[in-house]
Structures are given as structure tokens and as C-alpha cells.
Amino acid sequence: METTPTPTHCPYCALQCGMNLSPAREGGVEVTERADFPVNRGALCGKGRTSAAVLAPGVRLTSPLVRSGGVLVPAGWDEALDRIAEALTRTRAEHGPDACGVFGGGGLTNEKAYSLGKFARIALGTSQIDYNGRFCMSSAAAGGIKAFGLDRGLPFPLEDIPRTGCVILVGSNLVETMPPALRYLTELKENGGTLIVVDPRRTRTAEQADLHLAPRPGTDLALALGLLHLVVAEGRTDEEYIRERTTGWEEARAAAMAHWPEYVERITGVSVPELRETVRLFCEPEAAMVLTARGPEQQSKGTDTVGAWINLCLATGRAGRPLSGYGCLTGQGNGQGGREHGQKADQLPGYRKLDDPEARRHVAGVWGVDPDSLPGPGRSAYELLEALGSDIKSLLLMGSNPIVSAPRAAHIEERLRSLDFLAVADVVLSETAELADVVLPVTQWAEETGTTTSLEGRVLLRRRALSPPDGIRSDLDVLHGLAGRLGVEKGFPTDPEEVFEELRRASAGGVADYSGITYERLAEENGVFWPCPAPESQDAADHPGTPRLFLDRFATPDGRARFAPVSHRAIAEEPDEEYPVLLTTGRVVSQYQSGAQTRRVAELNAAAPGPFVELHPRLAARLGAAEGDPVAVVSRRGRAVAPARITTAIRPDTVFMPFHWPGEGRANTLTNPALDPTSRMPEFKACAVRLEAVARAGE
């Protein structure tokens with residue numbers, strides 16, 4: 001182990017806060033402040049501060065496990081890898097390569113995500129690969145590509161936020177989901193800027209706002225269209241900008257004008273005066289931003305909703321200009337990089353499209369294979385999971401826990417149980433890993449070197465601070481071992497820097513071009529923003545990276561941004577007499593995603609010990625529920641029970657549940673898998689439910 005602090009980054013959210021890992025007196029490492037990283041300047045949330053706790057031997061897996069006599073028992077690595085390779089080989093022989101599935105995660109490093117996509121397409125020859133990031137940022141990605149020709153969460157660095165004039169924050173409880181980012185909103189207000197928060201709940205983030213809009217869940221699209229209607233009606237459009245830098249305005253304008261303020265008020269519950277005040281606050285400053293998160297994105301119309309908010313920016317000349325623009329607050333630790341380099345169903349490295357012949361030729365050339373041998377696009381995440389046990393017989397899963405995180409989770413659990421074979425590589429024995437035929441214990445962020453890409457598009461270097469315990473291998477070792485057993489002896493190195501060097505070549509010339517980025521530069525420069533192409537000659541200077549996109553032109557063929565001609569439509573499942581209430585879901589500050597790691601940290605569990613149902617006092621009174629009483633939430637897909645948390649901070653027609661827990665209180669038992677037609681994002685954020693009183697135990 002190193003005897004001096006090792007500078008690295010947090011394993012959790014997409015802020016990728018800087019931290020130091022220092023030797024601990026009792027062994028292992030402890031997290032200490034790293035003030036030189038500009039994003040968090042040393043500040044950490046409770047999850048980051050306690051992240052080393054998951055390294056403890058009693059918390060994490062320390063040996064491969066194989067199923068014997070119906071139970072998981074310790075085994076050696078050779079036996080575990082042999083079993084996986086034999087199962088995959090048998091599946092391919094009996095059912096064809098597409099009967100083998102691969103499911104990745106947004107927490108995998110760029111090197112792992114790249115290698116996993118390559119493994120699926122070369123070693124297995126399968127098109128059936130996707131990852132859990134599909135459940136996170138895919139609608140924003142699709143909307144950004146349609147409008148700008150490129151998807152990067154933020155097209156500007158976080159440091160620009162405090163210097164703009166107004167921020168509309170849509171569907172983000174940033175104070176709880178990425179607490180160190182709160183300072184950007186605080187500094188915005190200290191500088192005289194205005195914060196508008198759009199959220200059906202009065203969250204801790206909404207409490208910071210100058211104006212809080214609380215729309216009915218699933219109506220963000222109508223809200224954005226109503227605001228654009230008022231921008232036009234009040235003569236606040238930037239006609240010169242529209243004429244010179246955009247296309248498609250007339251169609252988008254006509255669609256927006258059908259959403260007059262009173263109509264939008266009826267749909268959303270946001271009053272006409274609030275709509276008018278939002279437009280005034282957004283349009284009066286010289287610069288302004290719209291930032292979205294999962295609220296508007298995790299809908300069956302998420303891509304259109306993102307497009308409508310982008311339209312608001314374009315119509316007012318607030319995109320591709322300093323201190324202005326649309327951005328997405330990417331959620332997972334490597335949610336950005338994870339969707340750039342090949343673990344998505346339709347994608348090749350460098351954010352290339354799998355059905356683009358030139359992209360196939362380029363990547364196949366780097367991989368040394370025939371372009372025609374690469375499979376085509378496969379199923380999206382939910383569709384892949386739903387096909388388990390029928391079309392897909394065997395699954396290799398890395399760094400994901402869909403039993404907790406997928407919509408209609410009880411059904412997905414059934415599909416996982418129906419597989420002929422399931423292999424899981426993870427740090428801990430997650431609920432999904434408990435169902436596996438083979439479980440592989442893999443290294444954690446402190447035990448390996450690799451790169452991630454933050455929500456800013458800043459490529460970062462995580463550094464190894466200590467050696468893993470005996471019996472633990474990296475995901476790159478796993479893929480190397482499996483590929484060799486499947487007859488692919490070369491092309492899957494275990495050294496992360498060697499993988500990154502190949503990734504650079506594979507991404508060269510792509511939208512997400514990393515070819516000018518090296519480990520040395522990442523260490524020296526505290527990260528590099530992509531795109532960063534390689535110098536054209538050895539004598540040429542390094543490309544500086546691109547902190548701010550679109551200042552000269554957009555990444556479309558003609559350099560113009562495209563308006564989206566979108567109109568309001570209802571969510572897939574509106575309330576009715578049988579299910580009269582809306583359910584929305586989200587996170588709490590002390591847990592993360594499916595909770596597989598954070599639920600194993602005592603300090604975090606003390607702060608957030610279990611699920612709950614947040615409901616308005618009027619709704620609680622009708623139900624006869626008091627604070628802490630068990631409440632059943634029932635949808636067409638299942639039933640969840642959790643204690644009542646009664647508050648006026650939520651709309652009377654809506655209940656909220658956090659989704660971090662398995663078992664009886666699993667929120668995703670209830671959620672609707674209705675998919676966005678473009679992004680294939682499920683509708684996590686709005687579905688119809690009813691509430692039922694539940695007797696306390698012993699009563």
C-alpha cells in the first residue's frame with residue numbers, strides 16, 4: 001500500500017468529487033480531503049466520506065461463489081471461470097450467439113465499459129448487450145443528439161453555473177443527490193442570479209429556490225411548452241439567433257402556440273402567474289440555463305420533454321453562448337463515459353453508431369476483425385431483461401442490481417430466475433447476485449486504476465491506492481479469462497492503461513474523441529474535457545480539450561441546432577377510479593441507486609434505515625394513516641409496504657417512494673415499464689397507484 005495520500009475520485013455519483021485515500025492506522029485506507037480538485041474543493045457528502053467502509057472484508061465478497069446443491073459455495077477462480085465459459089459456449093451452440101446476453105453498469109470505468117462491449121461483440125458475437133445507464137440519462141442523451149448532434153451531459157463546466165443570470169432546474173433534488181454541488185446554486189444566488197426549481201415535491205433543493213413550480217408528475221412537457229408559448233406571445237424570442245443558428249422553428253413554434261397558459265395550468269397545476277414570472281426571470285438576464293435530471297427524463301415521453309426544454313433555450317438564444325445553455329445532470333459515477341464507448345445496444349466506441357458502415361470499419365480495424373462479423377444493434381435494457389429466459393438463455397452481468405433498480409421489478413426477478421445460467425461480477429453479494437449460478441468478486445475503485453467521465457464531460461483518472469485482498473480480481477481480468485476460454489486469446493489486456501490506449505484509437509474521429517487524452521495528461525491537468533483529438537503531427541501542440549461546446553457551431557451536419565416539434569401527451573398510465581393517486585420515485589441523501597453498497601455502511605443506514613411512503617396530510621387523513629403507520633402502495637404490477645411519512649411538501653394527489661431497498665418496500669415493484677419510443681427509457685417517474693391501510697404488526 002502507498003504510504004502517502006493517493007489522489008483519486010469518489011466511487012458514487014457523476015460529480016466524481018476529488019478525494020485522497022490515506023493509509024489508516026488500523027490498516028486499509030481512509031478518505032481525506034482533496035482541495036485541489038475544482039469541482040468539490042475538498043467537500044464530500046456522507047456517501048463519499050464513508051466510501052472506504054465498503055472495502056472491509058466483512059462487507060464485500062472475497063471469493064468466487066458457485067451454485068452447488070441449490071446454494072452458493074466458495075470456489076476457485078478457474079472453476080468459476082470454467083463454469084461461465086462452458087455455459088456460454090453451450091448456449092451459443094444450442095441457441096445461437098444472441099441467446100447470450102450481457103448487462104453492464106454506469107459505474108464501470110471507461111476501460112471496463114469499452115472491454116465489455118468488445119467482449120460481447122467479438123468473444124460472444126452477440127448483439128444482446130445494454131446497461132443500467134439506459135435507466136438514467138438516455139432521454140437527455142437522445143434529446144441532446146436530436147437538437148445539437150452530440151450528447152454530453154453539461155456542454156459547459158460547473159464553474160459557469162454561478163455566473164449565469166438564471167437557472168431553471170427541472171426534476172433534480174441536487175441537494176440530496178449530489179450535495180457538494182449545492183455551492184454552485186448558493187454562489188449563483190450570491191451573485192444576484194435566480195434559481196427556479198421544478199419538482200412536484202418541495203425538496204431541500206426546492207427550498208433554495210427563488211421560485212418553486214410544483215407540477216403534477218408527468219406534465220413537464222406541457223410546462224415547457226406553456227413557457228415557450230409565453231416567450232412568443234410576449235415578444236421575448238431572439239429572432240436573429242433563431243435565423244442564424246437554428247432550424248425547424250416554425251414547426252416548433254406552431255406546436256407551442258397550441259399550449260396557451262390556462263390550458264397548461266389545467267394540465268400541470270402551475271398557475272398562470274407562476275408561468276409568467278418564470279418567463280420573466282428566465283428572459284430578463286443576458287444569460288440563463290436549463291438543467292434537467294431524472295424527473296422529466298424518466299418518462300415514456302422523456303425525449304420529447306427534453307426537446308421542449310431545449311426549445312426554450314433555443315428560442316431565447318440561450319444555447320451555444322457563454323454562460324448559457326441546456327445541460328443534463330448525469331447521475332451515475334461513469335454514466336457519461338459508460339454511454340460513450342460500447343456497452344449500449346446500438347453503439348461502438350467514441351459514441352459511434354453500430355449501424356454506421358464507416359463506424360463499423362473504423363472500430364473493426366482497431367479490433368482486427370472483419371466489419372461484417374460485428375453484430376447489429378440489440379435490445380435496450382428493459383427489453384433485454386424482459387427477454388431473459390425466453391430468447392436470452394444465459395446472462396453475464398457486471399456492476400448492476402436490476403432486482404432492485406429495474407421497473408416492474410418483480411417481473412424482472414422472475415425473468416432472472418428463469419435463465420438457464422446467470423453469472424454476476426460485483427463487489428458485494430447484491431440481491432441479483434444471490435440468484436446467480438456463479439458470482440465473481442471484483443476490485444473496487446480504491447484497488448484499481450482507470451478513467452471515468454464526469455457529468456461535465458471531464459475525463460478523470462482514478463488511481464489505485466491499495467492492493468485488493470487475495471481472491472479478488474478486476475473486471476478486466478474476468479473478461480481476459482473468459483475471452484481466452486472462448487477461444488479469443490488476444491485483445492483483452494488486463495492493464496487499464498493498455499486498454500485506454502486502444503480506446504483512444506477506437507474513439508479517434510468519433511463524436512466522443514479521446515484520442516488526445518493520456519493517463520499522463522489526466523494526472524497533470526486534473527482531467528481533460530472531451531472531445532480532445534490527437535495532434536495531427538508529432539510537432540503539433542496537444543489539443544487543450546473542450547470545456548465549452550457549441551460556441552461556434554453545433555455538432556450537426558449544417559452546424560445549426562434543431563428545434564423539436566413536440567406536443568403534450570399524457571403519461572402511459574393516468575390515475576383512474578381504481579388507482580386514483582400518482583406515484584413518483586427518487587433518491588435520498590444517504591443511499592445510492594439500488595443501495596447494494598450504501599446499505600452496507602452503518603453510518604448511512606442510521607441516517608436512512610429503510611423505505612417510506614411520503615404523502616400529504618389530506619391523503620393520509622382519507623386513508624386514516626398516522627406518521628410511521630405502514631401503508632401499502634398498490635399498482636397494476638404489484639404491492640409495496642412502507643411506513644408513512646406525512647408532509648405538506650408533496651402534492652395531495654401524489655405519493656413519493658425512494659427506490660434503494662429490496663423486499664416488501666421495493667418501490668420498483670410498482671413502477672411502469674412503458675418505454676420512450678426513442679430513448680427506450682421506462683416511465684419510472686409517474687404511474688397510477690392506490691393506497692391501503694395496513695395493520696401494525698401485533699395488532
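These notebook entries record what I looked up in a predicted model.

**Entry 1. Ground rules**

I number residues from 1 along each chain as its sequence is written, and side-chain values use heavy atoms, with hydrogens and water left out. In this predicted model, local features need pLDDT of at least 70 and side-chain atom pairs count only at pLDDT 80 or more, whereas totals for chains, interfaces and linings use all residues. Helices (H or I, at least four residues) and strands (E, at least two) are DSSP runs, numbered from the N terminus.

**Entry 2. The nonpolar cores**

I began with the nonpolar cores, each a set of buried Ala, Val, Leu, Ile, Met, Phe, Trp, Tyr and Cys residues joined through side-chain atoms within 4.5 Å. Buried means under 20% relative accessible area, exposed over 50%, and partly exposed in between, with a 1.4 Å probe and protein chains only. Which members of the largest nonpolar core touch the most other members? They are Leu-15, Phe-119, Leu-169 and Leu-440, in a core of 80 residues. Helix H2 (residues 77-95) supplies the largest share of this core, seven residues. Another core lies apart from it, with 79 residues, among them Val-270, Phe-282, Ala-506 and Tyr-519.

I then looked up Leu-440 itself, taking contact as heavy atoms within 4.5 Å. Not counting residues up to four places away in sequence, Leu-440 touches Pro-64, Trp-77, Ala-80, Leu-81, Ile-84, Val-424, Ala-425, Asp-426 and Val-478.

**Entry 3. Helix H19**

I noted Val-478 again among the buried residues of helix H19 (residues 475-485). After H19 comes Gly-487, with a positive phi near 95 degrees.

I next examined helix pairs; their axes are lines fitted to C-alpha atoms over the stretch in contact, and angles run from 0 to 180 degrees between N-to-C directions. Angles under 35 degrees count as roughly parallel, over 145 as roughly antiparallel, 65 to 115 as roughly perpendicular and the rest as oblique. A crossing is left-handed if the near helix is turned anticlockwise from the far one by less than a right angle, and right-handed if clockwise. For residue classes, Ala, Val, Leu, Ile, Met, Phe, Trp, Tyr, Cys and Pro count as nonpolar, Asp, Glu, Lys and Arg as charged, and the others, Gly among them, as polar.

Helix H4 (residues 138-148) packs on helix H13 (residues 302-315) at about 45 degrees, with the axes 8 Å apart. H4 is therefore oblique to H13, and the crossing is right-handed. H4 contributes residues including Ser-139, Gly-143 and Phe-148, and H13 residues including Val-306 and Ile-310. I recorded seven nonpolar, five polar and one charged residue in the contact of H4 with H13.

How does helix H7 (residues 220-233) cross H13? Their axes come within 8 Å and cross at roughly 20 degrees, so H7 is roughly parallel to H13. This crossing is left-handed. Among the residues in contact are Leu-221, Leu-228 and Val-231 of H7 and Ala-308, Trp-309 and Leu-312 of H13. The contact of H7 with H13 divides into 11 nonpolar, two polar and two charged residues.

**Entry 4. H7 against H9**

H7 also packs with helix H9 (residues 249-257), at an angle of about 105 degrees and with the axes 8 Å apart. The two are therefore roughly perpendicular to each other. Leu-225, Leu-228, His-229 and Val-232 of H7 meet Trp-249, Arg-253, Ala-256 and Met-257 of H9.

**Entry 5. Backbone exceptions**

Most residues other than glycine have a negative phi, and most peptide bonds are trans. I found a cis peptide bond between Trp-530 and Pro-531, with omega about -5 degrees. Pro-531 lies in the loop between strand S21 (528-529) and strand S22 (561-562). Phe-550 is in the loop between S21 and S22; its phi is positive, about 70 degrees, although it is not a glycine. Is Phe-550 buried or exposed? It counts as buried because its relative accessible area is 10%.
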